[in-house]
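I opened a new notebook page for this structure. These are my entries, in the order I looked things up.

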Amino acid sequence: KMTQQMRDLQLAQARKPPGPSSPNAAKRLYRNLSGKFRVNYTSFDEGSLVGRGEKEKLRKSYLFQSNAALFEAVELQDLDRVQELLKQYSPEELDLNTPNSEGLLPLDIAIMTNNAPIARALLQAGAKESPHFISLESRSLHLSTLVREAEQRVNELTAQVVNEAPNADCSEKEKQLKAWEWRFRLYKRMKAGFEHARVPDPPANVHLSVASSSSVQVTFCEPLSVNSAVVTKYKVEWSCSPSFSPLLGEAVVDKLKSLHYTIRGLTSGTAYYVQVSAYNMKGWGPPQASVPPFAIPSNWREYDGRAPRRRGQAEALDHLLGQVKTVHQHCICHEPCKNQPQSRKHSVSRSLKHLFHPGSKFLKTLKRGLYLTAIFYKDDNILVTHEDQIPVVEIDDTYSCLLMQDFLWFTKVSCMWDEILWLRQCVTVSQSSCSCILQTRFKMLLAISQMQGLLGIQDLGQVFFEPIKDRQGNILIVTLKEVKTNQTFESVRWVPICKLQTSRKSVSSPEEPTALDTLLISVQDKLAYHQRSSHALPPGLYLGYLKLCSAVDQIRVLVPEQLPNILCHVKIRSNPNISREEWEWLQKMVSMEEPVPVESENETSPNHLFQELQVAIKELMALVNIPLQEAKDFRLYSQEVLDFGGQVSFLLLLPPSDDVCTAPGQNNPYTPQSGFLTLPLQIFELGEKR
C-alpha cells in the first residue's frame, strides 16, 4: 500500500503545498508524504469536478494543501505554524479529524511524540484521536506495522541506491531514501512514546459546588503528572453513595477549553458524591473524589421560601400600560391638537436621507436655551448633516425650570421611543394648566418627534448621563446610538470623528467653550461611555460596594468607569449560585456580634465561601482605596442576593450606616482613586435594566 503511494507521489511532486520551507530535500519530500492520501480524498472522483466553477476547484485544492501543511507542522513540531493554521482555518476546512492514509490524525502524532503544547492547541480546537485505535493492542499493532513498513522501504531504497550507477534516477531515489529514513525515525519515536507512557494521575483540584436547586458543578485541573502522555478527555461520575455503588450517571468531557461539568436534573435536598478521572492513550487513570466530597442541590431562596423579586413585574407593567392606552383611545386627548406640529412620517427605507434635505430644521448654532442632539456612530465615524454638523434641534428657548427633574424624566422617556406620539397626545390635554414643568416636557416630546421625523428613525439610542452646559446659558441633552449593520443610506456621509473635530471652526474661546464645542471635544469619551455601559459581566458571584453621595436635587452612586452600569465590584467565584447551606451560614455570621469562622481544615461549602469572601473583601477595599482595618465596621447586606438573569449574582458590602450616603459638604477621607465616576441614581437604575 505504501509503496503504491510513493509511486503516485512521484507523479504529484510538481505540486508543492504551502507551509514552512524544509531545510533539505528530505523534508521537502516528506511534506508531500504527510497527509497526502487522506481516507476521504482517495475516493474523490476527479470527474465529479466537471461543471463546477474554477474558483471552487481552487478552494478545495487550497484547503487540501492546508491539511497537508497542518500534518507537516505537527510532525516537524512547529507550534507557531500549527497555531497559525488553526487560527486561519476552521476545523472543518482543515479536516482536523479526518485520518490520513496511515490512519493517523494530527492529534495522534502530537500525543505519541509527547508534544504537549501542540496537543493542547489541537485539543482546544476540537481535535480527536483516531477512531482506529479501539484498544491498546490495536494502537501497538498499528505502530509496529508502520515502523516495519518504513524500515522495509528504507532497506529497499538503500539497496537500489548502492547498486545503481549515479544518474538522475539515482539522485531521486536518494531523496526518497532520506525522506523514508526521517519517517522511519518518526514512527520509532512514536512507538517508543506509546510504550513508555502510563495512565495519567488523578485530576488535580477537583472542587464541587451547588449550581442550583437541581444541579451541581464540578471543576478540576489537569493531573500534576500525565506520565508522558497528554490527557485527551475526562470522566465525571456521580452517585448517592460515597462508595459510588451504584453509579447514578457518568459523562465524558472532551472539550478541554474549560475543565468543568454541570450535573443537571438532580433532586433538591439529596446529597450527591462526585469523582473525576483522566484519560490518555494508555487508558483511564484512577478517580479523584471531589472537595467537598458531596453537595446538596439547593438555592438561598429555599431558606425562607422567598419568591424572586421581579417575578411577573414586567408582565404586570405591560398589562397596566395596555390598560392606560385603552382608556386614552376613548378620550378627547387622543385627538391631536390642531396647532400641534405634525411629525413628518418617513419610511425606514428612506432612513436618514432627510439629514441632507435643504428644508431640514437642524440648527447650526445655539442661542440661550435647551437643545437635543443625537449622535449616531459606526466604528470611528460619526453621522453629520449636509453642513457637517451633528444633528441638533431646539427644545425650549426660554427654559427656566429645574433641569435635573426634567432631564431624569427625559431619560425615562428614552425607554419608550416608539410611544412618543401617544405620549404627546396624552400630555396635550394638560396644556391649559400652564405648568412650567408640563410645558417643558411637552416641548421635549415635540423635539423628540422632530428629531425622529428628520432622521427617519424612531430609536435615538441611550441618553448620556448628564447634559452639557455652557456659560452662555445653553443646555444640550445628548443621545448616543451605535450603528452596527452594514445598511446603506441615500445621501448620507459618514465623517471620521477626528476630521470633524479638526475641521469645525469654533466660535467660542477655549476658556468659555460653547456646549457644541464641548460636545466635539469630549465626543470620544461619550462614545466610550456608551460602549462600556452596554457590556455585561461574565457569569459568576460578585461582591459589590454600595456608596452614595447626595446633592441638592439628586443622589449619585459610585461606579467604575470601565463598567458604569454595575456597582464597584470584584468577582468572588464563577458559580453565581448561593446554596441554602451557605445562606444559612451567612445569616448566622451577620447576626453574631463577633463572628467566629469555621475551622480551616473543614472542607465544607460555607467554609469555602468564607475563604472566598475574605479574599474578595481585601481586593475590594484596595480597589476603592479604603484601609482594610476599616472593613470591620462594614456590613454584608443580608436581606437577599441580587440576581441578574440567573447568570450573575451580587452580595453587597455596605459602609457603616452613617457613611452609606455622603451629604453635601461632608468630608470623605477615603476618596476612590482614578477609574471611577458617580452617576445619578435614576440613570444608574435605567442603565442596569438595559
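What follows is a set of short notes on single residues, helices and contacts.

**Entry 1: the kind of model**

I noted at the outset that this is a predicted model.

**Entry 2: a lysine without a salt bridge**

I started with Lys 547. I found Lys 547 in the loop between β16 (540-545) and β17 (548-550). Is Lys 547 buried or exposed, and which side chain of opposite charge is nearest? Lys 547 is buried, and the nearest side chain of opposite charge is that of Asp 659, 5.7 Å away. I recorded no salt bridge for Lys 547. A salt bridge needs the side-chain nitrogen within 4 Å of a carboxyl oxygen.

I then asked what the side chain of Lys 547 does contact. It makes a polar contact with the side chain of Thr 662, at 2.8 Å. Asp 659 came up again, this time through its backbone. The backbone oxygen of Asp 659 is 2.5 Å from a polar atom of the Lys 547 side chain.

**Entry 3: salt bridges**

I wrote down the general point before going through the pairs. Side chains of opposite charge can pair when their charged atoms come close. How many salt bridges does the count give? I got 14 salt bridges. I looked up several of them.

Arg 81 and Glu 84 form a salt bridge through their side chains, at 3.2 Å from N to O. I placed both residues in helix α5, where they sit 3 residues apart, about one turn of the helix. Arg 81 is buried, at 14% relative accessible area. Glu 84 is partly exposed, with a relative accessibility of 42%.

Next I checked Lys 128 and Asp 254. Their side chains meet in a salt bridge, with N to O at 3.1 Å. Lys 128 belongs to the loop between α7 (116-124) and α8 (136-163), and Asp 254 to the loop between β4 and β5 (260-263), so this pair ties together parts 126 residues apart in sequence. Lys 128 is partly exposed, with a relative accessible area of 35%. Asp 254 is also partly exposed, at 31% relative accessibility.

Then I turned to Glu 195 and Lys 191. The closest N and O atoms of this salt bridge are 2.5 Å apart. Both residues are in helix α9 (residues 168-196), 4 residues apart, and about one helical turn separates them. I read Glu 195 as partly exposed, with a relative accessible area of 43%. Lys 191 is partly exposed too, at 22%.

I closed this entry with a network.

**Entry 4: a helix and its end**

I checked the span of helix α13 (residues 436-455). The helix has 20 residues and reaches 28 Å from its first C-alpha to its last. That is close to the 28 Å expected at 1.5 Å a residue. I looked just past the end of α13 and found Gly 456 with a positive phi of about 75°.

Asp 95 has a phi near 50°, a positive value in a residue other than glycine. I located Asp 95 in the loop between α5 (79-88) and α6 (106-112). Asn 625 also has a positive phi, near 65°, and is a residue other than glycine. I found Asn 625 in the loop between α18 (605-623) and β20 (635-636). Asn 625 is partly exposed, with a relative accessible area of 29%.

**Entry 5: cis peptide bonds**

I noted that the peptide bond from Ser 245 to Pro 246 is cis, with omega near 5°. Where is Pro 246? Pro 246 is in the loop between β3 (233-239) and β4 (249-253). The peptide bond from Val 291 to Pro 292 is cis as well, with omega near -5°. I placed Pro 292 in strand β8 (residues 288-295).

Which residues make the nonpolar surface patch of about 270 Å²? I listed Leu 317, Leu 320 and Val 324. Val 324 lies in helix α10 (residues 313-329). Val 324 is partly exposed, at 32% relative accessible area.

Val 392 was my last stop. I found Val 392 in strand β11 (residues 392-396). Val 392 is buried, with a relative accessible area of 1%. The C-alpha atoms of Val 392 and Lys 364 are separated by 7.7 Å, while the two residues are 28 residues apart along the chain.

Key: Residues are numbered from 1 along each chain as its sequence is written. This is a predicted model: local features need pLDDT of at least 70, side-chain atom pairs count only at pLDDT 80 or more; totals for chains, interfaces and linings use all residues. Side-chain values use heavy atoms; hydrogens and water are left out. Helices (H or I, at least four residues) and strands (E, at least two) are DSSP runs, numbered from the N terminus. Buried means under 20% relative accessible area, exposed over 50%, partly exposed in between (1.4 Å probe, protein chains only). Lys and Arg count as positive and Asp and Glu as negative; His and the chain ends are not counted. A polar contact is a pair of N or O atoms within 3.5 Å; within protein, one must be able to donate a hydrogen and the other to accept it, and residues adjacent in sequence count only if both atoms are side-chain atoms. The expected span of a helix is 1.5 Å times one less than its number of residues. Patches are made of residues with over 30% relative accessible area and no salt bridge: like charges are joined within 9 Å, nonpolar side chains (Val, Leu, Ile, Met, Phe, Trp, Tyr) within 5 Å. Accessible areas come from the Shrake-Rupley method with a 1.4 Å probe; for residues, only the protein chains shown count as cover.
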